[in-house]
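Take a look at the protein chain below. Keep the sequence and the 3D view side by side as you read.

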Amino acid sequence: MTPKASPTQNDRSPLILGIDLGTSGIRGALIDTQTRQPIAFYAVPLALPIRNANTSEQSPELWLEGFELLLRKIQNAQQTAFIEHIILDATSSTVCLVNADYQPVSMALMYDDKRATAEAQLIAKIAPRNSGAHGASSTLAKVMWLYENTPHSESFFVCHQIDFINVFLTGLPQITDANNALKMGFDPINMVWPDWISQLLPTITLPKVVLPGDFLGQIQPGLVEKYGFSSKTKVYAGTTDSIAAFLASGAHQLGDAVTSLGSTLALKLITEKPIFAPEYGIYSHRLKNQWLVGGASNTGGAVLLKHFDLEALIEHLKKIPERPQNTHLDYYPLLCQGERFPISDPCFQGNLDPIPDNPETFLLGLIEGLVSVEKLGYQRLTELGASPVTRIFTAGGGLKNRVWMTLRSQELSAPVLQSLHTEAAFGVTQLLEIQSFNDQT
């Protein structure tokens with residue numbers, strides 16, 4: 001039998017390459033432009049950041065090494081020639097300084113680095129209350145710390161994790177997206193850098209900001225030769241990892257929400273108008289012509305695992321009836337003092353009293369508490385002006401918790417659905433519209 005010939009560029013659909021730049025690894029998803037479905041996933045690990053009490057940093061060179069290793073895997077699978085569109089997401093508020101040649105002159109401070117406490121106090125005196133730049137873990141606080149603690153022998157530029165790889169792909173520096181720029185203090189409503197930032201960073205040139213999904217530029221010719229890309233390959237502005245994960249769920253229309261239950265409980269909702277309520281930890285990101293608003297509670301799966309090890313948790317869940325009776329324990333489960341959303345109070349103690357003798361009753365009460373916090377969270381967003389919730393997609397490890405899913409279906413005001421996909425590398429490709437491809441070709 002004559003072997004079937006390999007497909008050529010003329011007899012198969014072009015591909016989109018979605019890239020998720022993470023902290024511990026890089027993921028890639030190849031998406032067929034006609035079906036909009038993934039055809040392959042690739043992954044490479046990264047060395048974990050160096051972490052201490054309030055510090056977390058990583059070498060930017062690791063990102064590039066990992067990224068090129070990922071490209072080599074895709075090339076070895078003979079797929080690079082069919083890729084015509086590339087778009088990335090990356091960890092929010094991970095940033096370094098680079099020189100005029102876009103070479104790093106500092107380590108990258110990671111999303112969870114909190115060393116810039118003095119800088120955060122300066123920001124609090126100048127920045128508007130609703131700015132995303134507040135806090136020691138904000139991008140702006142980190143950039144201020146880096147600027148003060150890096151030898152000044154040349155001009156420096158701000159470089160988010162996503163920007164570092166986009167420059168490698170296009171050769172075009174000093175461009176970022178509105179989602180990654182939010183915690184740097186960017187104003188996403190008016191799409192400008194506010195004047196007050198110049199008081200804090202008077203000598204740093206801030207990058208141009210474009211919308212997620214906007215066309216950035218063609219891939220560099222050298223990468224076409226090195227990795228076998230199509231000469232038509234285009235690169236687009238991306239977004240943050242959490243927004244990409246939201247888009248992977250299938251949520252895409254006004255009123256769509258995603259609840260993610262991992263160690264903590266996070267809610268996000270597509271709404272018509274932006275909401276900025278920092279007193280509840282609520283900010284809004286631009287999402288095409290709409291807005292993505294959300295908040296994160298300190299409750300979550302970590303509370304369950306504090307009281308039950310994983311094996312015991314699984315066994316006790318099996319013993320809870322399919323349609324359990326309400327315990328009326330009215331718990332607000334927290335690991336420790338303090339809550340961010342939907343209640344904002346650093347002294348809030350939560351409630352886990354009384355604790356019954358029966359472990360299944362106690363576990364059921366904890367899960368009821370998680371559902372109550374989620375319900376209150378969506379009520380809070382609506383009270384603040386968000387669009388009514390019409391569908392709630394579900395992501396995170398909580399999907400495996402049958403009792404949690406059942407109670408949510410009973411208590412929440414909108415249908416509860418499972419996420420269609422979980423990979424951020426797939427989700428980021430949802431920022432691209434097929435029509436925009438036709439307009440550019």
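This is a predicted model: local features need pLDDT of at least 70, side-chain atom pairs count only at pLDDT 80 or more; totals for chains, interfaces and linings use all residues.

Residues are numbered from 1 along each chain as its sequence is written, and side-chain values use heavy atoms, with hydrogens and water left out.

Start with helix H1. Helices (H or I, at least four residues) and strands (E, at least two) are DSSP runs, numbered from the N terminus. H1 has 17 residues. From its first C-alpha to its last, H1 reaches 25 Å, close to the 24 Å expected at 1.5 Å a residue. That expected span is 1.5 Å times one less than the number of residues in the helix. After H1 comes glutamine 78, whose phi is positive, near 60°.

Which residues of H1 are buried? They are Pro60, Trp63, Gly66, Phe67, Glu68, Leu70, Leu71 and Ile74. Buried means under 20% relative accessible area, exposed means over 50%, and partly exposed lies in between (1.4 Å probe, protein chains only).

Now turn to the rings. How many aromatic pairs does a search of the whole structure find? It finds nine. Rings of Phe, Tyr and Trp (its six-membered ring) pair if their centres lie within 6.5 Å; planes under 30 degrees apart count as stacked, over 60 as edge-to-face and the rest as tilted. Take phenylalanine 67 and phenylalanine 168. Their ring centres are 6.0 Å apart and their planes stand at 90°, so this pair is edge-to-face. Phenylalanine 67 lies in helix H1 (residues 60-76), while phenylalanine 168 lies in helix H4 (residues 161-170). The pair therefore ties together parts that are 101 residues apart in sequence. Both phenylalanine 67 and phenylalanine 168 are buried.

A tilted pair is formed by phenylalanine 308 and phenylalanine 362. Here the distance is 5.8 Å centre to centre, with 40° between the planes. This pair also links distant parts of the chain, 54 residues apart. Phenylalanine 308 is in the loop between helix H9 (301-307) and helix H10 (310-319), and phenylalanine 362 is in helix H11 (residues 359-383). Together with Tyr331, Phe308 and Phe362 form one aromatic cluster.

Rings can also have a charge over them. The test is that NZ of Lys or CZ of Arg is within 6 Å of the ring centre and within 35 degrees of the ring normal. Arginine 12 lies over the face of phenylalanine 82, at 3.9 Å from the ring centre. Arginine 408 lies over the face of tryptophan 404, at 4.2 Å from the ring centre.

Next come the salt bridges. In each, a side-chain nitrogen of Lys or Arg is within 4 Å of a carboxyl oxygen of Asp or Glu. The whole structure holds 12 of them. One of these joins arginine 51 and aspartate 112, at 2.8 Å from N to O. Arginine 51 lies in strand E4 (residues 50-51) and aspartate 112 in the loop between strand E8 (108-109) and helix H2 (117-126), so the pair ties together parts 61 residues apart in sequence. Arginine 51 counts as partly exposed, because its relative accessibility is 37%.

Another salt bridge joins arginine 129 and glutamate 279. Their closest N and O atoms are 2.6 Å apart. Arginine 129 lies in the loop between H2 and helix H3 (139-148), and glutamate 279 in the loop between strand E15 (265-271) and strand E16 (283-287), so this pair ties together parts 150 residues apart in sequence. Arginine 129 is exposed at 52%, whereas glutamate 279 is partly exposed at 39%.

Aspartate 113 and arginine 115 also meet in a salt bridge, at 2.8 Å from N to O. Aspartate 113 is buried, with a relative accessible area of 0%. Arginine 115 is buried as well, at 18%. Salt bridges that share partners join Glu57, Asp113 and Arg115 into one network.

Finish at the surface. Serine 263 sits in the loop between strand E14 (256-261) and E15. Its relative accessibility is 53%, so serine 263 counts as exposed.
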